[in-house]
Amino acid sequence: MMTTEHATISEAQAAKDRQSKSRVAFPLAGDDAYLHFNLKSIAALETAAGLIVPDWMDRGFNSFGLIERLTLDGNAAMIRAILDSGLKRLGEDGKMTLMAEVDLDEIDWPMSEVARPALEVICHAYHGETYSEVLAKAMAAAEAAEGGAA
């Protein structure tokens with residue numbers, strides 16, 4: 001496994017933080033299971049979302065907004081696409097690999113248990129910030145606007 005040397009502790013911590021935000025533990029699928037989205041898995045989500053809502057651009061959605069809405073709504077096809085493309089395990093080589101041994105037709109997890117952790121890392125893949133971070137900024141901006149309007 002290749003290691004990267006960092007010049008400062010701050011650089012090392014920043015690299016660790018970026019890596020930890022790009023995947024989230026998903027213990028429902030096992031101790032070594034993660035939800036992780038790279039370009040290939042994001043493309044798979046966009047394809048799935050486009051099949052679910054073919055006229056998404058006409059409705060004014062952007063890619064992340066459509067995936068977010070379908071996920072929050074508990075759309076079964078979107079949740080399935082999330083698991084198909086994002087459920088992974090960290091390999092011995094340090095790379096994330098699909099968890100092919102999980103039979104997605106046999107799972108009994110509530111869709112809500114998939115949605116929130118998935119949105120954390122999907123949002124990070126699009127925006128470089130987790131879903132929680134984006135929501136916190138939006139709430140702060142809304143509160144600031146409310147305070148300024150008073």
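In the predicted model, Trp-109 is a buried residue, its relative accessible area being 15%, and it lies in the loop that runs between strand E4 (96-98) and helix H5 (111-127). Because the threshold for burial is set at under 20% relative accessible area, Phe-26, at 3% relative accessibility, likewise counts as buried. Phe-26 is placed in the loop between strand E1 (23-25) and strand E2 (33-36).

A pair of aromatic rings is described by the distance of the centres and the angle of the planes. The count of such pairs in this model comes to 3. In one of them, Phe-26 and Trp-109 are arranged edge-to-face, with 5.2 Å from centre to centre and 80 degrees between the planes. This pair links distant parts of the chain, since its two members are 83 residues apart. Elsewhere, ring pairs join Phe-64, Tyr-126 and Tyr-131 into a cluster.

The packing of two helices can be described next. Helix H3, which spans residues 63-72, packs with helix H4, which spans residues 76-86, at an angle of about 110 degrees, and the axes of the two helices are 8 Å apart. Because angles of 65 to 115 degrees count as roughly perpendicular, H3 is roughly perpendicular to H4. The crossing in which H3 passes H4 is left-handed. On the side of H3, the residues that meet the other helix are Ile-67, Leu-70 and Thr-71, while H4 contributes Met-78, Ile-79 and Ile-82. Sorted by class, the residues of this contact comprise 5 nonpolar and 1 polar, with no charged residues.

Two further positions were examined individually. His-36 belongs to strand E2 and is buried, with a relative accessible area of 13%, a value that falls within the range under 20% used for that class. When its neighbours within four places in sequence are left aside, His-36 is in contact with Ser-22, Arg-23, Ser-41, Ser-85, Gly-86, Lys-88 and Met-96. Ala-43, by contrast, is partly exposed, with a relative accessible area of 37%, and is located in helix H2, which covers residues 39-52. Between the C-alpha atoms of Ala-43 and Ser-63 there is a separation of 9.8 Å, although these two residues are 20 residues apart along the chain.

Definitions and conventions: Residues are numbered from 1 along each chain as its sequence is written. This is a predicted model: local features need pLDDT of at least 70, side-chain atom pairs count only at pLDDT 80 or more; totals for chains, interfaces and linings use all residues. Side-chain values use heavy atoms; hydrogens and water are left out. Axes are lines fitted to C-alpha atoms, for helices over the stretch in contact, and angles run from 0 to 180 degrees between N-to-C directions. Helices (H or I, at least four residues) and strands (E, at least two) are DSSP runs, numbered from the N terminus. Angles under 35 degrees count as roughly parallel, over 145 as roughly antiparallel, 65 to 115 as roughly perpendicular and the rest as oblique. A crossing is left-handed if the near helix is turned anticlockwise from the far one by less than a right angle, and right-handed if clockwise. Contact means heavy atoms within 4.5 Å. Ala, Val, Leu, Ile, Met, Phe, Trp, Tyr, Cys and Pro count as nonpolar, Asp, Glu, Lys and Arg as charged, and the others, Gly among them, as polar. Rings of Phe, Tyr and Trp (its six-membered ring) pair if their centres lie within 6.5 Å; planes under 30 degrees apart count as stacked, over 60 as edge-to-face and the rest as tilted. Buried means under 20% relative accessible area, exposed over 50%, partly exposed in between (1.4 Å probe, protein chains only).
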